[in-house]
Amino acid sequence: MHPAPSVIVFTVASGAGYGLLATLALLAAFGAILPSLWLGLVGFGLALGLITAGLLSSTLHLGHPERAWRAFSQWRSSWLSREGVAAVATYLPAGLLALLFTFFDPGRGTLAVLGLLTAAGAIATVFCTAMIYRSLKPIHAWCNHWTVPGYLALAAATGLALAFAVLGAFGDAAAGPVGIAAIVALAAAWWVKRSYWAFLEVVPGASTPETATGLGRIGKVRLLDPPHTGENFVTKEMGFRIARKHAGRLRVIAVIGGIVLPAAFVVIALATAQPLHSLAGAIAAVLALAGALVERWLFFAEAKHTAMLYYGATRA
Amino acid sequence: MTSYTTPTKRLGLVIDLDTCVGCHACAVNCKEWNAGGHSAPLTDLDPYGPNATGVWFNRVHSFEAGEGRAGRTVNFPRSCLHCDEPECVTVCPTGASYKRAEDGIVLVNPDTCIGCKLCSWACPYGAREYDEDEGVMKKCTLCVDRIYNETIPEPDRVPACVSTCPAHARHFGDLGDPDSAVSRLVAERGGYDLMPELGYRPVNKYLPPRPGKPAPPVQPAEPATEGLSGFLGWVDRMLSR
Ligand code: SF4
Ligand code: SF4
């Protein structure tokens, strides 16, 4: 599948933003961080900023962005619509929580209710994003049980790395446990992606040129002549191909740069005092985000669509 | 919601892979009619340049199946199959994609489509083509503007591809009615679904190529030079040395 930059940036930025939002909301709900102006401005500001930038980026690839509001209507059948509804619904408790946490101290009860609602909304939105891909039957690399864990784990890993960087910079006592949680989430992301790639190696998609044409009854099917000599929408959108060699290298880059190194920098940060503590935390967060971009690019580039079986692909 | 009921009337096409000669007439007449039809225009980009692309609803591929004498060359027209379980419809966030309750035709409303392209990802058959110029999705309309059109003569009230096929490889009718001509054709010839494993339950059916006649036994050729005598024999012997 064509790796459109707007969709890659959207899913990574909003995933990290929701991860950070859920982390801060839960910490606030359980009283592990206390209302404060600067932590509120920077922490919730960064989370809501990433989410909003991501959502805006996702409208860039629409043919008619001015009609985007219509996408909220079909939540009963469409995961894309549900994602939109969940995203907007999450803004309500999240915005209120950010406002109260930053400028007022509403008390434990209110923070607990708003924090739990916000975290639930954030997780639900990432889940809906993953389900958009998970439910597309023509794309075997997406329509499998690794897609949802992959999105959730990456959102948690990048969100926790960001939370660690922010809390570390403020010298907040919650930084320590959050750092450990970030390492656990990065390890989980590594395990999920590894399992996903192993799954792609061993489990082929069900469709072949033989089932696509129904000509398997005669024998093996090969494309003799394509219908057109140039490109069309289908071959441009679904015919993206990446050499195995390049994919392999990018997987290594995503794992080392996006998981191993960020985890190492979190460890360094946990073991050092300021200013190295803050610096290492920031480096870990930036690396985790960059690695997630590579991972998401691969998620698209390596995915094959059954429509290409009509254009000479032998597997989808 | 973008729901659909499986209608009792299920209009669709039956495509005979035995007789299709791969002339692309159906694709060309489709483009011709639909460039001014329900989903008009079918935009072309860079039409006279080196990278011409454009929206078509019907594409004709050619495949080889099998090896050696048992192998066949099969021409294969491909367009929207107006599925009974069209996930292109259920994934649409706006309701712009819909399946008509009265006859099962799957259409896109160009006034509400936001051009998110998700429906094209959800279609296993590559049947939807996005119009970059108009920013909306386009697809086969089963010539909804011909088949009910009382201003054209009755015999022409079939999809443009069907009316133009010189090999009569395309048939149009109600596949929901077991007694219709198309349903009987499917039953007789063993018409089948494309990619049944994905569960979209296409309405359009394909008729398989008929089994080929066994090839006549090959007569071993007489070695040409044997028995040559006289001057020719001498030449042959000289040249074969
Ligand atoms: S062929 Fe594709 S576009 Fe047509 S109804 Fe089926 S899924 Fe939808
Ligand atoms: S491109 Fe248009 S018709 Fe297709 S899913 Fe998006 S809004 Fe619906």
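1. Ligand 2 has 13 residues around it, and those that come nearest are B:Cys92, B:Cys113, B:Cys116, B:Lys117 and B:Cys119. By class, the shell around ligand 2 comprises nine nonpolar residues, three polar and one charged. The model under discussion is a predicted one, and the remarks in this note should be read accordingly.

2. On confidence, the average pLDDT of chain B is 93, and 96% of its residues score at least 70. For the complex, the predictor reports an ipTM of 0.94 together with a pTM of 0.92.

3. In the case of H1(A) and H2(A), the axes come within 7 Å and cross at roughly 155°. Because angles over 145 degrees count as roughly antiparallel, H1(A) is roughly antiparallel to H2(A). The crossing of H1(A) past H2(A) is left-handed. From H1(A), the contact draws on residues including A:Ser6, A:Val9, A:Phe10, A:Ala13, A:Gly17, A:Leu20, A:Leu21 and A:Leu24. On the side of H2(A), the contributors include A:Gly43, A:Phe44, A:Ala47, A:Leu50, A:Ile51, A:Gly54, A:Leu55 and A:Ser58. In this contact of H1(A) with H2(A), 16 residues are nonpolar, seven are polar and none is charged.

4. H1, spanning residues 5-29 of chain A, also packs with H10, spanning residues 276-301 of chain A, at an angle of about 135° and with the axes 9 Å apart. H1(A) and H10(A) are therefore oblique to each other, and their crossing is right-handed. In H1(A), the residues that meet H10(A) are A:Val7, A:Ile8, A:Val9, A:Thr11, A:Val12 and A:Ala16. Their counterparts in H10(A) are A:Leu289, A:Ala292, A:Leu293, A:Arg296, A:Trp297 and A:Phe300. By class, this contact of H1(A) with H10(A) has ten nonpolar residues, one polar and one charged.

5. H2, covering residues 37-59 of chain A, packs with H5, covering residues 147-169 of chain A, at about 155°, and the axes lie 10 Å apart. H2(A) and H5(A) are therefore roughly antiparallel to each other. A right-handed crossing relates H2(A) and H5(A). H2(A) supplies A:Leu39, A:Val42, A:Gly43, A:Leu46 and A:Leu50 to the contact, and H5(A) supplies A:Leu162, A:Val166 and A:Leu167. Seven of the residues in the contact of H2(A) with H5(A) are nonpolar and one is polar, with no charged residues.

6. Some features of the backbone should be noted. Most peptide bonds are trans, and most residues other than glycine have a negative phi. Where in chain A does A:Pro275 lie? Its place is the loop between helix H9 (244-271) and H10. The peptide bond that joins A:Gln274 and A:Pro275 is cis, with omega about 0°.

7. In chain B, the peptide bond from B:Ala40 to B:Pro41 is cis, and omega is near -10°. B:Pro41 is placed in the loop between helix H1 (25-34) and strand E2 (44-45) of chain B.

8. B:His24, a residue other than glycine, has a positive phi, near 70°. In chain B, B:His24 is found in the loop between strand E1 (11-16) and H1.

Notes: Residues are numbered from 1 along each chain as its sequence is written. Chains are lettered from A and ligands numbered from 1 in the order in which they are written. This is a predicted model: local features need pLDDT of at least 70, side-chain atom pairs count only at pLDDT 80 or more; totals for chains, interfaces and linings use all residues. Side-chain values use heavy atoms; hydrogens and water are left out. pLDDT is the predictor's confidence in each residue, from 0 to 100. A residue is near a molecule or strand if one of its heavy atoms lies within 4 Å of it. Ala, Val, Leu, Ile, Met, Phe, Trp, Tyr, Cys and Pro count as nonpolar, Asp, Glu, Lys and Arg as charged, and the others, Gly among them, as polar. Axes are lines fitted to C-alpha atoms, for helices over the stretch in contact, and angles run from 0 to 180 degrees between N-to-C directions. Helices (H or I, at least four residues) and strands (E, at least two) are DSSP runs, numbered from the N terminus. Angles under 35 degrees count as roughly parallel, over 145 as roughly antiparallel, 65 to 115 as roughly perpendicular and the rest as oblique. A crossing is left-handed if the near helix is turned anticlockwise from the far one by less than a right angle, and right-handed if clockwise. Contact means heavy atoms within 4.5 Å.
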